[in-house]
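Open the structure in your viewer and keep the selection tool at hand. The stops below go through sulfur links and then charged pairs.

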Amino acid sequence: MHIRRALRPNHPPSSRVRRTRKGGTLLAAAALLLASACSSGDESHRTAPAVQAVLAPLPSSTPSALSPYYGQKPTWRSCGVPGFECATMKAPLDYERPGAGDVRLAVARKKATGPGKRLGSLLVNPGGPGGSAIAFLQQFAGAGYPAQVRARYDMVAMDPRGVARSEPVQCLDDRAMDTHTQTDVTPDDRRETDALVDAHRKFAEGCGARAPRLLRHVSTAEAARDMDILRAVLGDSRLNYVGASYGTFLGATYAGLFPGRVGRLVLDGAMDPALSSYRMNLDQTAGFETAFQSFAKDCVRQSDCPLGGRGTTLRQVGDRLAAFFRKLDAHPIPAGDADGRRLGETLATTGVIAAMYDKSAWPRLREALTSAMKENNGAGLLVLSDSYYERDADGRYSNLMYANAAVNCLDLPPAFATREQVEKSLPTFEKASPVFGRGLAWASLNCAYWPVKPIAEPHRIEARGAAPIVVVGTTRDPATPYRWAQSLSRQLSSARLLTYDGDGHTAYGRGSSCVDSAINTYLLDGTPPPNGKRCA
């Protein structure tokens, strides 16, 4: 379902052209059946007192048991993409037991092009969790970030443990994943509810069976510690970093653990580490409703809007889409799929959600909805859904959704522990989003059956002593609501909040020269924007 901490790679900077969540981009949310949210399970968490626990920094000196990792010398080699080099780095599987085995992490870089003095390495992460940072670097950031930034920094990416090229977590085969993504997430009776619960269980059991060793060691805290080893391996005294969506949680965790090693950190589309999974999923549900209303306002002004014309109210637009979903629930429509899949309610909903991440996808969504609603052709919405799940034309899935669940379910307790808790919360979720609320509530049950117990709880991150950190929030962001950026900026002792008054997920490279200029100046000169700066 939606992202817990930005799932997908983000589509960063510099050009106004932003891809709509295709393979190798920023995953900011997970999909309907894979709603990665995690925290305690009942509605009491809506009124729980503010979280008091604060992430404690690690000792500034490197433990002797970790010295061999910090002293690695990578062997860089060509990796098939012109201008990029690749290497493999080792990290301890378990930081509490460094001698118990290693995990091999894939790294890629594109060296600074000049002119100008080299500023070190700039690590990028597109989010997810589960998005491939290397794919993001090679397909976008390595050429799409501003030329002046690429001139001064070696652009670097590391796929986090369990992701893509770094010992990827696997859970289901492709055919089973096809079945999983089509499971009805708005059950109408006991039989459909049992089928949904069974789908969550099978997914969790598959992950446990295929990755029993790694599944206990893919937490965000461990990935942040891996980043510090990479910093040392690259020869940098401080970490410079741009993280989007879930990448902001990863970057903030690094700052909390290693505040004295923070260089220039940009956290775009910020997560709030102090939230429970329940609260996070509920906030995201409201965020997708806000994004849908922005889409609806725009849609009815267009001549090709299949949901109504000028004079149509936002409620009517939502009611028409909801009615269309109900129709698909009863009677899926053809989608021209080589594997025989038809477009049902779940895949259609995922397709619509995928388009909420980027305003540039709205025309494509109008076209897809028109084909489905008026021509009984679900191909356009199926393509959007497949791009969200990173399913290619041959029916193969990346490990995005598997890693997403693995990280989320390890990081925090589940949003819901039982189906009864979901049922009690349905009115709350449906109030937050009449269109998406029911499905997103049921999708939030996914961590309840996870084979590994969560290792952490919601917490504040203060990173006292860190250099200035730029936190970026978009006012109508569907996946990481703006108030999350506000909250994180209040937690981080050195944060500067930069606000983008606009639509879509994340802000850097989305067309605002104000945002881009502020971030570029910070990355190049070290001068952060004034706290509270707003851009349109």
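What is the torsion about the S-S bond of cysteine 299 and cysteine 305, and is the disulfide right-handed or left-handed? The torsion is about 105°, so this disulfide is right-handed. Its sulfur atoms are 2.0 Å apart; a disulfide here is a pair of cysteine sulfur atoms within 2.5 Å. Cysteine 299 and cysteine 305 are both buried, where buried means under 20% relative accessible area, exposed over 50% and partly exposed in between, with a 1.4 Å probe and protein chains only.

Two notes before moving on. This is a predicted model, in which local features need pLDDT of at least 70 and side-chain atom pairs count only at pLDDT 80 or more, while totals for chains, interfaces and linings use all residues. Residues are numbered from 1 along each chain as its sequence is written, and side-chain values use heavy atoms, with hydrogens and water left out.

**Other sulfur links**

Select cysteine 79 and cysteine 86, whose sulfur atoms lie 2.3 Å apart in a disulfide. This link is right-handed, with 70° about the S-S bond. Cysteine 79 is partly exposed at 22% relative accessibility, whereas cysteine 86 is buried at 5%.

Go next to cysteine 409 and cysteine 447, a disulfide with sulfur atoms 2.1 Å apart. The torsion about its S-S bond is about -80°, so it is left-handed. Cysteine 409 sits in helix α13 (residues 400-411) and cysteine 447 in the loop between α15 (437-443) and β8 (469-476), so the pair ties together parts 38 residues apart in sequence. Helices (H or I, at least four residues) and strands (E, at least two) are DSSP runs, numbered from the N terminus. In total the structure holds 5 disulfides.

**Charged pairs**

Select arginine 190 and aspartate 194, a salt bridge with closest N and O atoms 3.5 Å apart. The term means a side-chain nitrogen of Lys or Arg within 4 Å of a carboxyl oxygen of Asp or Glu. The two residues are 4 apart in helix α5 (residues 190-210), about one helical turn. Arginine 190 is exposed at 57%, and aspartate 194 is partly exposed at 32%.

Now select aspartate 283 and arginine 483, another salt bridge, at 3.0 Å between the closest N and O atoms. Aspartate 283 is in helix α8 (residues 277-299) and arginine 483 in helix α16 (residues 482-491), 200 residues apart. Aspartate 283 is buried at 4%; arginine 483 is partly exposed at 42%.

Finish with Asp178, Asp337, Asp339, Arg341, Asp386 and Arg391, which a network of salt bridges links.
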